[in-house]
Every structure is written in structure tokens, then in C-alpha cells.
Amino acid sequence: MKKVYYNFLLLLVISLPIYAVKPLEQSALDTAAELRDKALKSDLAYQILESLTTEVGPRLAGSEGDVRAVAWAENKFTELKFDRVWKEPVTVTPWQRGVAAAEILKPFPQPLVISALGNSVGTPEEGIRAEIVHFATFADLQAAEAAEVKGKIVFISHKMAKTRDGSSYGRAVQARSQGAAVAGEKGAKAILIRSIGTDDDRLAHTGLMNYRENVNRIPAAALSSPDADLLLRQLQRGAVEVGLTMEASVAEPFTTYNVIGEIRGSERPDEVIIIGGHLDSWDLGTGAVDDGAGVAITMAAAKLIAEQQRPKRTIRVVLWAAEEVGLIGAKAYAEKYKAEMRQHITGAESDFGAGPIWSFDWRSAHDETPFIDQLAQLLAPLGIKKGHDKANGGPDLYPLRGLGMSTFALRQDGTDYFDLHHTANDTLDKVNPQHLQQNVAAYVVFAFAVANADGNFGFNLTY
Ligand SMILES: [Zn+2]
């Protein structure tokens, strides 16, 4: 009898879930719902985005536009009456695009629309002329014999598919990020890739590429999708020769900044919730969807919360520097705050455009079912469903996640995101103001809920 009782107790203990984060009280749930409904009527995020894209525009890290963006962000936080506003230095090596031009020389001469890839070297002044060697995919280039590639211009024609969650990007982007290193190692003179995008516009998509130590650095550019098709059609008729001229170069190291604004917590001001987007953009468009939208959504969300009710914990809006050129601001922040990670309770970055949010994910050291269910109920009227417990968190949170911080992900519909991504078409008119409101509504719910929840999501999350 005694043993049976003991076993029963043991079973009870091991089967009772441990909820480290306590469910929100009714008053906090009511406030979160009020905030959500208020955000759906607020045009603050759109005003912020209109201001950034009109008064600053392109803001490539280390450029004059970047300098103006930093000043804009400090002023905007101050104008919105954040409790604390400051900036933290980040060193970047500015890349300068210069002019890039390409043309088919043989068999049927025609100009090509291209864009130099970020970080690429330029060509010699007289340019490069060479025969094209075509690969359908990056993997095909990897598998090729050096003799096939040597002295030629590599062309990768792989076309990225449209997906809601952007999952096709990871595979497609290898051609951009690693293509030049692989082609350079095999002796290619340059590389042209089909733009990493999902549109049919005659616009090329830029984006970061990387070289490898001790490998010949060759110029790298993206073709617009219609130009990639043109090149393929000429290749069907025989050998194709292309001419390429690029002025790209790098300048001296330059100091830019993460710009930070805080709404201080009423009970535990030293514990912070991190939201934000990245302040830098590529230089071709005005950085409206990438990532002006994320900047605007999170600034507006924190401001609306401050107007409604001071949260228990501090909400820290970080406008990350130099994300596009390698998460430079995010890495600098993680280095600076690594000893204070336990005060970083959780966070989410908005960096996937301006489409509506359809799902949310989380990442905690414990099972937080009651709290997550409350969040799901608050977000359900916005058309947002519960996702999974391995939240990605957004690119600028990767270094913090690596240090063990909990993350959430409010996942936007990215079906059209890669039509515009890193192109001259990334402009304000592509942003739907209602979608922006829905995003802010989700962020006020998320940030207010996690800032007011008692208990912790845990630390040293190693999965
Ligand atoms: Zn981005």
C-alpha cells in the first residue's frame, strides 16, 4: 500500500509540467487586447516609415545615407518621447557600388541588366570579356571540373520559388553568397547569377556575397530574371561571349551605430525585452520593406504601449546597424552585452517585409503552455495562429540566441517579399498600410505580454 502511494506521488511529480512563466492576470490580458485594437486604428507605423523613406531613403552601411539614418533614428525616438535614447558604435568597411554594366558580345550583341553584388571587387578598368559557362544550380558549379570553368564567366541560372515562409531562399542564396568563392577557386574570371528573387521585372537584386581566404577574388553580379532567360536562349544557339565592367570597391573602416530607444519598465527596469528591425538597407531602393517596415512596426509598437500603460519590464527597441553586410551591429551588441544575457528576457526582430503576420513561434527552456495559449488567444483575432517552439527570432537576434537568449518570431507572409527584396522596387508604395497596422497590433500584444509576464523563459537554450 505504502509503495503504491509512493509510486503515485512520484508519477504525479514527474508528470506535472513546470510552467516557469506564470499566466497573465486578467487586467494584463484586457490591456493587451485594448492595445491590439488601438494599434489596428493607428497610422503611427506608416508615418514613421513614410518619414524614413522620404527623408533618408537608401542607407547602405557606411554611406552618407547611413549617417543620416542614424540621426533620423535618434531624432525619431526623441520626438516619440522614449525614456532613453542612445547609440552604440559599430565598425564597418563600407562597400561602394560604382557603375556596373554588362553586355552580350557574341553571338547576338545585346545589353544586360545587372547589379553588382555587395562586397564584390570591381573589374580592371578595361573590363572583362570571356565566354560563358552555364550551370543550372550552385551544386552543379560545385561539382564541375576546374578545366570547364577556367578563364570563363560562370553563369548560374537557378530560379527561386515563391513561398509564404521564405524557405526557398536558403538554398537559392548559396549562388549569391558562395558562388564567387567556388567559381574563383576553379579559375573563373567573373560570375553572373540569376537574381535571387521571385519577380519577372527587368531589375536585378543585389545582396551580400563573400570571398574565401586564399581564393582569387572575382567580380560578382546578378542579372535580372528576364536577362538570365535571354542569356539562356542565346546559349541554346551556341557559345556566348559577355563583357563585364564594374567599379565596385571598398573604403576605409567607418563608424556607424546601433540606435536604441527604451520604454523603461515599472517593476523590473533592468530586465529587457528586445524588439526592432535593422536600420541599414541596400542602396538600390529606399529600404521600405527591407527593413524600414521592421523599424516602423517596432518603434510604433513600443510607443503605443508607453501611451497605454508602462510595462513591468523595459522594452528596448534596437535599430540594428549594418545587418545587410553581415549582421555587424548584431554581433557588436552581443559582444557588448554578453555578460548581461540573463537580463535579456526574450525578443523578436521584424525583418521579413511588410506582409501580414500569420503565425507565431517561441523558444523557451520550459513548457510554457498556459502563457503561450493566452498569447494565441490574444493574437487569434488578427488571423495569427500558434506555430512551433523553435522560434528563429530574426537575423539580428541570431548572435543573442547563440548566447542562450529566448526568442519569439512573429512570422510575416513573405509570398511577395522576394519580388522586391534588394531591388530598386523596394519603395513605400509597395507597403499596405492595413498590413502594417496588423503587424503593430501583433507586436504590442507580444511585447506587452512578455514584458508583464512573471517568471522567465530560461537561459542557455541550446537547441
Ligand atoms: Zn532585412
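Colleague: Why is the contact between D416 and K162 called a salt bridge?

Modeller: In this predicted model, the side chains of D416 and K162 have a nitrogen and an oxygen 3.2 Å apart. The cut-off is 4 Å between a side-chain nitrogen of Lys or Arg and a carboxyl oxygen of Asp or Glu, so the pair qualifies.

Colleague: Which domains are assigned, and how many salt bridges cross their interface?

Modeller: The domain assignment gives domain 1 as 19-93 + 253-452 and domain 2 as 95-249. Across the interface of the two domains the rule finds three salt bridges. There are also 11 residue pairs in polar contact between the domains, both residues at pLDDT 80 or more. On the side of domain 1, the elements that give two or more residues are β18 (407-412) and α14 (417-420). Helix α14 gives the most, with three residues.

Colleague: What makes this an interface, given that the C-alpha centres lie 34 Å apart?

Modeller: The 34 Å refers to the C-alpha centres of domain 1 and domain 2, whereas contact is judged on heavy atoms within 4.5 Å. By that test, 24 residues of domain 1 are in contact with 22 residues of domain 2.

Colleague: What is the area buried there, and which residues of domain 1 lose the most?

Modeller: The size of an interface is often given as the accessible area lost when the parts come together. For domain 1 and domain 2 the buried area is about 1,800 Å², with 57% of this from carbon and sulfur atoms. In domain 1, W282, F418 and D419 lose the most area to domain 2, and together they make up 30% of what that side buries.

Colleague: Why are β4 and β5 called edge strands in the sheet of eight?

Modeller: The sheet is open, with mixed pairing and the order β4-β3-β10-β6-β7-β8-β9-β5. β4 (110-112) and β5 (114-116) each have a single partner strand, so one side of each is left without a neighbour in the sheet. From one strand to the next the twist averages 30°.

Colleague: What makes β8 and β9 a pair?

Modeller: Pairing needs at least two bridges, and β8 (residues 190-194) and β9 (residues 220-223) have four, in the parallel sense, so they count as paired. One of the bridge partners is A222 in β9, which faces I193. Helix α8 (residues 174-185) packs on this sheet, touching β7 (153-156), β8 and β9, and its direction makes about 155° with that of β8.

Colleague: What of the sheet of three strands: which strands stand at its edges, and why?

Modeller: The order is β17-β16-β18 in an open sheet with mixed pairing. The edges are β17 (385-386) and β18, because each has a single partner strand. Helix α12 (residues 369-379) touches β16, β17 and β18, its direction making about 165° with that of β16. Helix α15 (residues 433-452) lies across β16 and β18 and runs at about 165° to β18.

Colleague: Where is the peptide bond between D290 and D291, and what makes it cis?

Modeller: Omega is about 5° for the bond that joins D290 and D291. D291 is found in helix α10 (residues 288-308). The bond from K106 to P107 is also cis, with omega near 0°, and P107 lies in the loop between β3 and β4.

Conventions: Residues are numbered from 1 along each chain as its sequence is written. This is a predicted model: local features need pLDDT of at least 70, side-chain atom pairs count only at pLDDT 80 or more; totals for chains, interfaces and linings use all residues. Side-chain values use heavy atoms; hydrogens and water are left out. Axes are lines fitted to C-alpha atoms, for helices over the stretch in contact, and angles run from 0 to 180 degrees between N-to-C directions. Domain bounds come from an automatic or database domain assignment. Buried area is the accessible area (1.4 Å probe) that two parts lose on being put together, summed over both. A polar contact is a pair of N or O atoms within 3.5 Å; within protein, one must be able to donate a hydrogen and the other to accept it, and residues adjacent in sequence count only if both atoms are side-chain atoms.
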